[in-house]
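Here is a short briefing for a first look at this structure. Start with the view below, then read on.

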Amino acid sequence: MKLLDKDFLLENEMAKTLFHDYAEKMPIIDYHCHLSPQAIYENKNYPNISRIWLNEGTYGDHYKWRLMRANGVSEDLITGDGDEYQKFLAWADTIEHAYGNPLYEWTHLELRRFFGIDEPLTVKSAPQIWEKANQLLATDDFKPRNLIKNSNVKLVATTDDPASDLHYHKLLQDEEAESGFKTVPAMRPDKLMQIEKPGFGEYLQTLAKAAGVTINSFQDLAKALRQRFEFFKDMGSRLSDHSLPSYHFVELSEAELDQILTKAADGATLTERERDGYTTALLEVLMKLNNEFDWVMQFHINSLRDANKPMYEKLGPDTGFDSMGTQPDIVDGIQKLMTKMSAEGVVPKMIFYSLNPNDWMELATLMQSFQGQTKQRIQLGAAWWFNDTAEGMDEQLRVFAQQSLLPNFVGMLTDSRSFLSYPRHEYFRRVLCNFFGRLVAQGRVPDDAEILGKVVQNIAYNNAHEYFGFFD
């Protein structure tokens, strides 16, 4: 089989039929990504492939940055201001050593699907690929909005701070018909969750100003969040996203929460119990609001952020120095939270992702204890981050299928900062079709392409369309 030929990852005839006849041409709902709404609105051509593929300062693809560091590339050619052609050559040299890494496949998928370049990227081929790619990047088809539209994307949900004025979302709404796709915000209250971080007090003031609410107590904070939910809803939001690198369930009184909020706003150091108690209370407020507004609440759990502290201090967050978390009892804390919220009847639609696959079975079985009211109300999220591989996707599908109803799954997301990441949906759909093709070969599901074709089409697009309600 040739590199990335038309049947790569498809191991039998049923898998090939399901992909080519059913899944391949389905539209995309990108319900979780890190694209910049400003970049979508401004719609500027990128000057070269390094700028769109590797970095603009410390904004870019830290999947690639990690590999480049492993290949001994100097930081000025990764996140620095080194020569952009030399950056591309450094990436070409890195990719020559990346056999078996999904970035090898993604890189070549993007070259083929966007640029029509079938030749493997090597140091030798890099000059010609650089020239061809850069010529195409100067054309209208390679402006961000056309990259999205031509990838058959119907909706992009960005991640946005609750205090954001959503200025560029407003502008994009006015030009939605011209763009050919919707862009909506998804609330991501990281700065509110990270009560231990420096600058928390200043952030509370920013949030208070945005909400038009004076925040002197935890109840004031809850009022401010309600106002922001109203605003985000009016701007088309239908989901929120919550990072929980670690978590323990701790219940505190309202008076204790007020004291914690005051301490944190003053820059005082909090105890572990105080941090966990604040996080628990905040999550309870957020679950109630997500349930009330009929939003989908996403939990991204068990990650270790900024493991290399000196490099974090030098470059900041999201620069490629994170790893898998190892808190063994994190799902226990989530179970206690879910139990309390269930008793109050306020469990929203939810998607659980864990960076540690050891949590997947716990999450899949936990979610089954809280289903009801809506089809597949709670879901095991797509294989996330370091698990975003053919094998990781296959394992997530297996766990979901064995513990719940995989045909109800809302499918893939990009979780990306790049406008060239949409071939990841193709990659996922190939893995999905191969998963069902293998079940057919084992005699475990009907050997019926029409039935299974509908299933893979639903997972590829239709389920997300129904579940999130973006187009209602």
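Leaving aside neighbours within four places in sequence, which residues is Asp306 in contact with? They are Lys197, Tyr312, Pro317, Asp318, Phe321 and Asp322. Keep in mind that this is a predicted model.

- Asp306 is buried but forms no salt bridge.
- Lys197 carries the nearest side chain of opposite charge, 4.3 Å away.

**Two domains**
- Domain 1 is made of two stretches, 11–44 and 143–466, while domain 2 covers 45–141.
- The centres of the two domains, taken over C-alpha atoms, are 28 Å apart.
- At the interface, 33 residues of domain 1 are in contact with 26 residues of domain 2.
- About 2800 Å² is buried between domain 1 and domain 2.
- Carbon and sulfur atoms give 55% of that buried area.
- Between domain 1 and domain 2 the count is 2 salt bridges.

**A salt bridge by side chains**
- Asp140 and Lys143 are joined by a salt bridge between their side chains, at 3.5 Å from N to O.

**Cysteines**
- The structure has 0 disulfides.
- Cys33 has 0% relative accessibility, so Cys33 counts as buried.
- Cys433 is buried too, because its relative accessible area is 0% and buried means under 20%.

How values were computed: Residues numbered from 1 in each chain as written. Predicted model: local features only at pLDDT ≥ 70, side-chain atom pairs only at ≥ 80, totals over all residues. Heavy atoms only, no water. Disulfide = S-S within 2.5 Å. Buried < 20%, exposed > 50% of the residue type's maximum accessible area, 1.4 Å probe, protein only. Lys, Arg positive; Asp, Glu negative; His and termini not counted. Salt bridge = Lys/Arg side-chain N within 4 Å of Asp/Glu carboxyl O. Contact = heavy atoms within 4.5 Å. Domains from an automatic or database assignment. Buried area = accessible area lost by both parts, 1.4 Å probe.
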